[in-house]
Amino acid sequence: MPEPKKKFDLPMPKFPEPDTEPFWDAAKNHELRYQVCDECGGIVFHPRRHCTHCPSLNLTWKTSKGEGVIYSYSVVRQNYHPAFRERIPYVIAWIDLDEGFRMLSNVVGVDDPASDVSIGQRVRVEWQDFEAASLPMFTPA
Ligand SMILES: [Zn+2]
């Protein structure tokens with residue numbers, strides 16, 4: 001007798017994760033956090049323990065408004081991972097947030113990814129909640 005099909009969840013962060021846990025804690029409240037260096041003022045993303053512009057370990061967490069523009073994107077039409085296969089076609093995109101950092105995410109909430117997404121398009125964060133974590137996705141603004 002064949003085994004019943006297993007439901008696959010999207011890959012999720014595995015805790016404890018000391019460097020990024022404050023990010024994920026804020027994400028549960030739908031707050032998109034990034035870091036600013038206390039020494040050089042550099043903006044740091046993705047979250048980590050040290051500044052990427054200087055040797056400082058003194059970073060301050062800030063909350064983004066979650067608005068920005070699409071820097072680049074691709075429409076994924078084939079994926080062999082079961083959790084992603086259910087989502088095709090979907091858009092993976094680099095988003096330039098207004099606060100000055102760039103993040104990789106998905107653009108969701110469009111009827112046709114081939115025609116409804118473009119470079120330079122304004123987007124805003126839209127949270128997708130899962131048991132393990134809330135994930136920041138983006139939708140046209
Ligand atoms: Zn720095």
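Which residues does L32 touch, not counting residues up to four places away in sequence? I looked this up before anything else. L32 touches T63, S64, G66, V125 and P136. I am working from a predicted model.

**Overall layout**

I counted elements next. The protein has two helices and eight strands. Along the sequence I read the pattern α-β-β-β-β-α-β-β-β-β. I then boxed the C-alpha atoms along the principal axes and got roughly 60 × 40 × 25 Å. Of the 141 residues, 17% are buried. I also checked contacts between residues at least 6 apart in sequence. Of these, 48% join residues at least 24 apart.

**The core**

I went back to L32, which belongs to the largest nonpolar core. This core has 11 residues. The others listed with L32 are I70, Y73, V91, A93, I95, L97, V107, V123, V125 and F138. I asked which elements give two or more residues to the core. They are β4 (67-76), β5 (90-97) and β7 (122-129). The most comes from β5, with four residues. V125, one of the residues that L32 touches, is also in the core. In soluble globular proteins, nonpolar side chains tend to be buried together.

**Strand β5**

I followed the side chains along β5. Which of them are buried? V91, A93, I95 and L97 are, and they point to one face.

I then looked at the partners of β5. With β4 the pairing is antiparallel, over eight bridges. With β6 (residues 102-107) the pairing is also antiparallel, over six bridges. D96 is the bridge partner of V69, and on the β6 side D96 is bridged to R102. β5 and β6 form a hairpin with four residues between them. G100, in that turn, has a positive phi of about 105 degrees.

**N58**

I moved on to N58, in the loop between β2 (43-44) and β3 (59-64). Why is N58 partly exposed? I count 13 other C-beta atoms within 10 Å of N58. Buried would need 20 or more, and exposed 12 or fewer, so N58 falls in between. Leaving aside neighbours within four places in sequence, N58 is in contact with C37, D38 and E39. I also took one distance across the model.

I checked omega for cis peptide bonds. One joins F15 and P16, with omega about 5 degrees. P16 lies in the segment before α1 (21-28). Another cis bond runs from I88 to P89, with omega near -5 degrees. P89 is placed in the loop between α2 (82-85) and β5.

I then turned to phi. H30 has a positive value, near 60 degrees, and is a residue other than glycine. H30 sits in the loop between α1 and β1 (32-37). Is H30 buried, exposed or partly exposed? H30 is partly exposed, because 13 other C-beta atoms lie within 10 Å.

Terms used
Residues numbered from 1 in each chain as written. Predicted model: local features only at pLDDT ≥ 70, side-chain atom pairs only at ≥ 80, totals over all residues. Core = buried A, V, L, I, M, F, W, Y, C linked by C-beta atoms within 7 Å. Contact = placed C-beta atoms within 7 Å. Pairing = 2+ DSSP bridges.
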